[in-house]
Amino acid sequence: MTTDAPLTAPVAPGSLGSTPEPAELGAYLTALEAWVRLRRSELDDLDAAALAAGRGDEVATDVALALSLWKNVSDRYREMWTLWDGGRVLPTDRERIGSLVWGRLGGAGGPASQGMSVPEACRLNDAIAGQLHARLELGAGAGEAAVRVKGLRAQLERIRDQVALEPALLRDDAVDRLASLMVRLNDVAERAGRGADVGGLLNPLEQDAALYERDLIVGNQKRREARGLVEQARTRRAALVAREAELATLAATCVATVDPAPRFAVPDVDALGPVPNTAEALTPYLDRLDRVDQAIAYAHERYAAALAEHTDLAALLDAHVARARAGALADHADLAASERQARDVLARRPAPMAVCRQLVSTYRSWLTALTSGPAAPPVAGPPTGKDAT
C-alpha cells in the first residue's frame with residue numbers, strides 16, 4: 001500500500017429522514033466515489049499480498065466479506081450518483097439521496113450488510129480492511145508508528161460512538177473493553193515517543209481494535225433485527241389472541257346449532273408466554289406462533305363448514321319450496337307435511353344433521369314424484385258436485 005494514512009470512509013451528511021444541502025451532498029458523493037475506487041484497489045492489493053504470502057485461505061472469509069460490503073456500497077453509490085445528476089437536484093431528489101445514504105442495504109452483501117446503512121457498511125469495511133492490514137503486517141503508512149497511532153485514535157473514537165449505542169446491560173462491559181484499548185494505545189504512543197520499536201505492540205492492538213469495532217457494528221445490526229422480530233411477534237400474537245376469541249365464539253355457536261359438531265380444543269395463545277426479547281428465543285417463539293395459527297385456521301375451517309352445512313340445507317329447502325310454489329304444488333298435503341317436519345327439525349338446537357339431510361332429501365323426493373307423476377289435487381278434501389253423485 002502506498003497511502004500515507006489508513007483509508008477511511010467519508011462522514012455522511014444529515015441523518016435518517018433529513019434532506020441534506022446540495023453542497024454537503026456534492027462533497028460527500030465526491031469523497032465516497034474516491035473511497036469506493038481506492039478501497040477496491042486496496043482490497044485487491046491485500047488479496048494479492050495474502051496469496052503471495054501463502055495465506056489466502058487464512059483471510060479468505062474476511063476478504064470475501066469486505067468485497068461483498070464494498071459491492072453493496074458501490075451499487076448504492078451509483079444510485080445516488082444517478083439521482084445527483086451533476087447537482088441538478090430538487091429537494092425531493094436530495095431527500096431520496098438521503099434515504100439511500102441512511103436506508104438499509106441488502107442484496108450482494110447478504111446477512112453481513114442487510115439492515116445496515118451506507119455509513120455503517122463503510123465503517124465495517126474500514127474495520128475489516130484494518131484487520132487485514134494488521135494480520136498481513138501491511139499497515140498503511142509504510143509501518144510508521146505515528147501514522148498508525150493516529151489511525152488507531154480515530155478508530156477508537158468510532159468505537160466510542162458505537163459503545164454509546166450498546167444497551168444498558170452490555171454498556172459497562174463495552175466501556176471497560178474500550179478503556180482497555182485506550183490504555184494500550186496510550187502506552188504504545190508513549191513508547192513510540194521515547195523512540196521504542198512498537199511494531200510488535202501495534203499489530204495486535206490494531207487487530208483487537210478492528211475485531212472489536214466489527215463486533216460492535218454486527219451486534220448493533222443483530223439487535224435491530226431482533227427488534228424487528230419482537231415487533232413482528234407482538235403483532236402476530238395480538239392477531240392470534242383476537243382470532244382465538246373469534247374461534248371460541250364460533251365453536252360455541254356451532255356446538256349449540258348442529259349435532260354432531262366438530263370437537264377441537266381452542267388453542268390458548270397465553271400458554272405460549274410473553275414475547276421474548278432475544279434473537280435466540282424469538283425464532284422458536286415465532287415457530288410456535290405458526291403452529292397455533294395453523295391449529296386455529298384448521299379448527300375455524302371445520303366449525304365454519306359445519307355451520308355452513310346447516311345454512312345450506314335451510315337454503316336448499318327454501319329453493320325446493322319455491323319450485324313447488326311455482327308449480328302450484330306447495331299446498332299439497334304430503335309436501336306441506338314434509339316441509340313442516342323438515343323446518344321443525346332444522347329449527348331445533350342443536351339440530352340433528354343426519355335427520356335434517358334426510359328430511360330435506362325426502363321433500364325433494366316428494367316434489368320430484370309429484371312433478372313427474374300424474375296430476376294430483378293440491379289440497380285433499382271431500383268430494384263435491386257431480387263426483388258426489
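Okay, let's start with a definition: a residue is called buried under 20% relative accessible area, exposed over 50%, and partly exposed in between. Take Y298, with a relative accessible area of 42%, so Y298 counts as partly exposed. Keep in mind as we go that this is a predicted model.

Now, who sits with Y298? Its ring pairs with the ring of F264: the centres are 5.4 Å apart and the planes are at 85 degrees, so we call the pair edge-to-face. What I like here is where the partners come from. F264 is in the loop between β1 and α8, while Y298 is in helix α8, and they are 34 residues apart, so to speak, linking distant parts of the chain. F264 has 27% relative accessibility, so F264 is partly exposed. Y303 joins in as well, and ring pairs link F264, Y298 and Y303 into a cluster. The count for the model comes to three aromatic pairs.

While we're on rings, have a look at W70. R40 lies over the face of W70, 4.9 Å from the ring centre.

Next, two helices. How do the axes of α2 and α3 cross? They come within 10 Å and cross at roughly 170 degrees. Anything over 145 counts as roughly antiparallel, and therefore α2 and α3 are roughly antiparallel to each other. On the α2 side, the contact is made by R76, E79, M80, L83 and W84, and on the α3 side by R96, I97, S99, L100 and V101. Sort those by class and you get six nonpolar, one polar and three charged residues.

Last stop: the backbone. Most residues other than glycine have a negative phi, and most peptide bonds are trans. So which residues here have a positive phi without being glycine? D85 is one of them, with phi near 50 degrees. D85 is in the loop between α2 and α3, and with 38% relative accessible area D85 is partly exposed. A328 is another, at about 60 degrees. You'll find A328 in the loop between α8 and α9, and at 55% relative accessibility A328 counts as exposed.

And the cis peptide bonds? One joins D259 and P260, with omega about 5 degrees, and P260 is in the loop between β1 and α8. Another joins R349 and P350, with omega about -5 degrees; P350 lies in the loop between α9 and β2.

Key
Residues are numbered from 1 along each chain as its sequence is written. This is a predicted model: local features need pLDDT of at least 70, side-chain atom pairs count only at pLDDT 80 or more; totals for chains, interfaces and linings use all residues. Side-chain values use heavy atoms; hydrogens and water are left out. Axes are lines fitted to C-alpha atoms, for helices over the stretch in contact, and angles run from 0 to 180 degrees between N-to-C directions. Helices (H or I, at least four residues) and strands (E, at least two) are DSSP runs, numbered from the N terminus. Angles under 35 degrees count as roughly parallel, over 145 as roughly antiparallel, 65 to 115 as roughly perpendicular and the rest as oblique. Contact means heavy atoms within 4.5 Å. Ala, Val, Leu, Ile, Met, Phe, Trp, Tyr, Cys and Pro count as nonpolar, Asp, Glu, Lys and Arg as charged, and the others, Gly among them, as polar. Rings of Phe, Tyr and Trp (its six-membered ring) pair if their centres lie within 6.5 Å; planes under 30 degrees apart count as stacked, over 60 as edge-to-face and the rest as tilted. Buried means under 20% relative accessible area, exposed over 50%, partly exposed in between (1.4 Å probe, protein chains only). A charge sits over a ring if NZ of Lys or CZ of Arg is within 6 Å of the ring centre and within 35 degrees of the ring normal.
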